[in-house]
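Trainee: I have a new structure open and would like to learn how to read it. Could you walk me through it?

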Amino acid sequence: MGGTWAESASGDSVDVIEAATEESLGRAALGDARDIDRAVRAARAALDDGPWGRTSPAERAELMFRFADRLDAAAEDTATLVSRENGTPIALSRVANGIGPGETVRMYARLAAGLSTEEVRPSPHGATIVRREPAGVVGAITPWNHPQTLAVMKIAPALAMGCAVVLKPAPETALDAFVFGEAAAAAGFPGGVVNVVPGGREAGAALVSHPGVDKVAFTGSTAAGRAIGAESGRLIRPCTLELGGKSASIVLDDADLDVFTAGLGESSFRNNGQTCALQTRILAPRRRYDEVVGAVGQFARGLVVGDPLDESVTCGPMVSAAHRDRVLAHIDGALAGGARLVTGGGRPGDRDRGWFVEPTVFAGVSNSDAIAREEVFGPVVVVIPYDDDDEAVRIANDSDYGLGGSVWTSDEARGLDVARRVRTGTIGINYYALDPGAPFGGMKASGLGRELGPEALAAYTEYKSVYASARWLPEV
Ligand code: NAD
């Protein structure tokens, strides 16, 4: 923090454990409110007193391109480290945690390079200069499931707008987060612009309520998001919240099931099910219900469960024993509630270590059942029957959440018509894949505000209107 390495004030550290082996990967200092305070002060100083607050967008863009190069140089190591921390299959980790962060930083560097910070408009009294100023010090709080992607989705637009950042990553993935500090220092960012303080819930809460923080950017559970939103409201502090989901995959009656199953890994099982926007409710037309259940079951049985560093593995372990037990409790609850188990349902018999859960499919589920309403955050999907398109849309929308979604059909225009009617932040037709160039986020209990795309810059911007004379108007 503040451009230097520091021990935690308490001397506490966290042992980061490898999800597939249950062995120690290393220790990271575990910050508390005192460390958060130090980091926020460093960020404040960089912004208020240091050169950072006076940089032009073009200068920031130059630093960001160098930052991206440094992240790229570490990409393979970062991808491997994250896979070991949280179980992400290595091929996915190379994209999401390896090359993805550099690409996102470059995208926002290009936006910064083209950014105009002042626009002069005629006004009834002369002219108004509308300024886009940095929101200030950003408190960024991230979960463990896609730790690099979710951090860079906050850091990159914040830097583009000239904000300073305090990142508090989750303790489960504390080690990979330091690459942001190392890369920022190597790129030449002034000390205090990018600060990383791993810590638990208390450190996160201290960051949210710190008087030196101007904006909070959070990704995590809806429960934590509610607490952070309430505190931000009390403080009148802007916050973006990217929260949980229970999205629907709508298989229309004309869907090509080969196309559907080809996309299923990304749309419903990405990252061992530990992805917020996954479509874990699969809605199938009643007349093709058994066919869809069969296809999903066959797909799940074909997933290769094992060490995420093994290139052939498509389903790694859960991030922790506690999370594995939460996922198993959801499965047990569904079984107790009478859901029909198609495949999976427990821990794989051939794994004596690592926090693995079998890819699990339930049929005979109603949308009102707990397994269809609660986010599991593991490789568990349910298949729900519907009678016509209207009912499919109604079931898709009958959820507390609204984050992802997909429609599968041989008629793309019909798919688009259905997609328009689903209350969700993102939805794919015949595939689901995040587009960094477009806004991402949720409706309803899935969140507040959007990340990614040029739209995300607004979340790191304060507008100021300077009322001036007509002499500032551009000559025509
Ligand atoms: P979590 O909410 O328990 O923790 C997320 C982060 O917030 C961690 O860094 C944690 O230390 C911190 N935190 C927890 N409580 C806090 C509080 N009261 N104040 C401040 N900080 C607090 O979530 P998790 O279990 O780490 O992650 C899984 C959840 O994240 C799932 O619900 C998933 O859907 C959600 N998620 C959402 C998105 C999205 O973009 N919408 C993306 C990924 C994950």
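Trainee: How many residue pairs are in polar contact across the interface of domain 1 and domain 2?

Mentor: A polar contact is a pair of N or O atoms within 3.5 Å; within protein, one must be able to donate a hydrogen and the other to accept it, and residues adjacent in sequence count only if both atoms are side-chain atoms. Here the rule finds twelve such residue pairs across the interface, both residues at pLDDT 80 or more. Keep in mind that this is a predicted model, where local features need pLDDT of at least 70, side-chain atom pairs count only at pLDDT 80 or more, and totals for chains, interfaces and linings use all residues. Residues are numbered from 1 along each chain as its sequence is written, and side-chain values use heavy atoms, with hydrogens and water left out.

Trainee: What area is buried between domain 1 and domain 2?

Mentor: The size of an interface is often given as the accessible area lost when the parts come together. Buried area is counted with a 1.4 Å probe and summed over both parts. Here the value is about 2,200 Å², with 57% from carbon and sulfur atoms. Ala 20, Trp 144 and Ser 446 supply 24% of what domain 1 buries against domain 2, more than any other three residues.

Trainee: How many salt bridges are there between domain 1 and domain 2?

Mentor: A salt bridge is a side-chain nitrogen of Lys or Arg within 4 Å of a carboxyl oxygen of Asp or Glu. The count between these domains is two, while the structure holds 28. Asp 15 and Arg 27 form a salt bridge at 3.9 Å, N to O. Asp 15 lies in strand β1 (residues 13-17) and Arg 27 in strand β2 (residues 24-29), so the pair ties together parts twelve residues apart in sequence.

Terms used:
Buried area is the accessible area (1.4 Å probe) that two parts lose on being put together, summed over both. Helices (H or I, at least four residues) and strands (E, at least two) are DSSP runs, numbered from the N terminus.
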